[in-house]
Amino acid sequence: MSGFVAGLSLEPLSFFLMVLAAGILAGALGSLLGIGGGLIIIPTLTLFAGVDLRYAMGASLVSVIATSSGAAATYVRDRMVNLRLAMFLELATTTGAVVGALLAGLLPVALLSLILGLVLAHASWSTLRSRGDETPPSRTGSPLAARLRLQGSYFDPALGRQVEYQVTRIPQGLAVMWGAGLMSGLLGIGSGLFKVIAMDRLMRAPLKASTTTSNFMIGVTAAASAGTYFARGDINPFIAAPVALGVLAGTVIGTRLLRRMRSRFIHRVLLVVLVIVAAQMIRSGIAGLLGGGPP
Amino acid sequence: MTEDSANGITARRMELLVSYVLRAGVLLGTALIVAGVVQMARTGQTGYASVLPHGLGALLAFVPPGSPGHFPTAPGEILRAAVVGKPYAIIELGILVLIATPALRVAVSVGFFIAERDRFYVVITLLVLAVLAASFLLGTG
């Protein structure tokens, strides 16, 4: 399936600048939501720029690593990230990512896009029903979480005070994290949305701790599958370069915005992006299964 | 949480080191990618088969590795080609630095948990490092 831009035989420079601009937008949104922006950049590259899906997924992986590392450097310095929670859950995301990267060649991507779209549709529904509270709804954690010392605290500039929190439902959180890692390896995404859902919805960590810790974890998850993608020749320098540079510039913008915003606004942005992405994934999944889409 | 202040200061230092490692990796990787892009724009070449400025289709279509003129995928070959100034190889070297940054961050995190005297998390972190090492080996194998 060739894209509109390739059809217009655009010069390489124009292509480069357009992908750079798309990367900036994806990076800004990605760091605001605690996702790598891969879910935004892959459809943009394949549908509007005529890029092969394999190259789009490879470029996306590089961009999510760049996003995560760039934003996480700031979040760690500002003590927003729960380092224990991140490291514990990375056991699940990295093993999932390795399995996903190995499976990537075996399963039809269209089917996976469809499944992912449906899961995202469910995520939008549960986000719509949530209220976007500024403080954690529960102050008691599970005994397992206490034994693993997964509790945390951070300073919230919007509230002007230190927020202490506990987490709960560790086994369920680990299971969703493994699935997030699997999706990351299979589709070349950071799967930050699933990480935020696991920590925010399931484990009951506050949204800001969830988004920053997710951002921190994305890089390690993506690195666990990027090696395989790189060796396969799926990371094309001409496509990965503008994507990585654009996303990084967007991340700088997004990171600065996050600390000044209240969680309710982040929730609204998250909802809009979830709906658009879910519809996109379902549509491309069905098109692919009917034989009309990219392989 | 340990409230030992000496421990706390060391842990804080390790936390800042994690932050610096991430920042340095992103800066170095980005600088290399920018250098590769500048070199590509300056010479009008990629260093490999696809030639600027009239080959956008050739630049975007998937070509399996090993085909004539394909960009390199082995780290050693990339390093050698980058040193002689091939634009694609310089960009790829930057990408490899970006990929290695989170792995290095995990390695530094071992130090953080040693400073916190938290043996359980030292083990957890080493396990994550082992999974990352395994994935890189599976990728090249």
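**View 1. V163(A) in strand β2 of chain A.** Here we zoom in on V163(A), which sits in β2, the strand made of residues 161-165 of chain A. Strands here are DSSP runs of E with at least two residues, helices are runs of H or I with at least four, and both are numbered from the N terminus. P206(A) is 43 residues away along the chain, yet its C-alpha atom is 8.7 Å from that of V163(A).

This is a predicted model, in which local features need pLDDT of at least 70, side-chain atom pairs count only at pLDDT 80 or more, and totals for chains, interfaces and linings use all residues. Residues are numbered from 1 along each chain as its sequence is written, while chains are lettered from A and ligands numbered from 1 in the order in which they are written.

**View 2. Helix α4 of chain B.** This helix covers residues 87-115, and its end C-alpha atoms are 42 Å apart, in agreement with the 42 Å that 29 residues should span (1.5 Å times one less than the number of residues). Of those 29 residues, 23 are buried.

**View 3. The bend in α4(B).** At T101(B) the helix bends by about 30 degrees, and the proline P102(B) follows within four residues. The bend is the angle between axes fitted to the seven residues ending at a residue and the seven starting there.

Notes
Buried ≥ 20, exposed ≤ 12 C-beta atoms within 10 Å, placed from the backbone.
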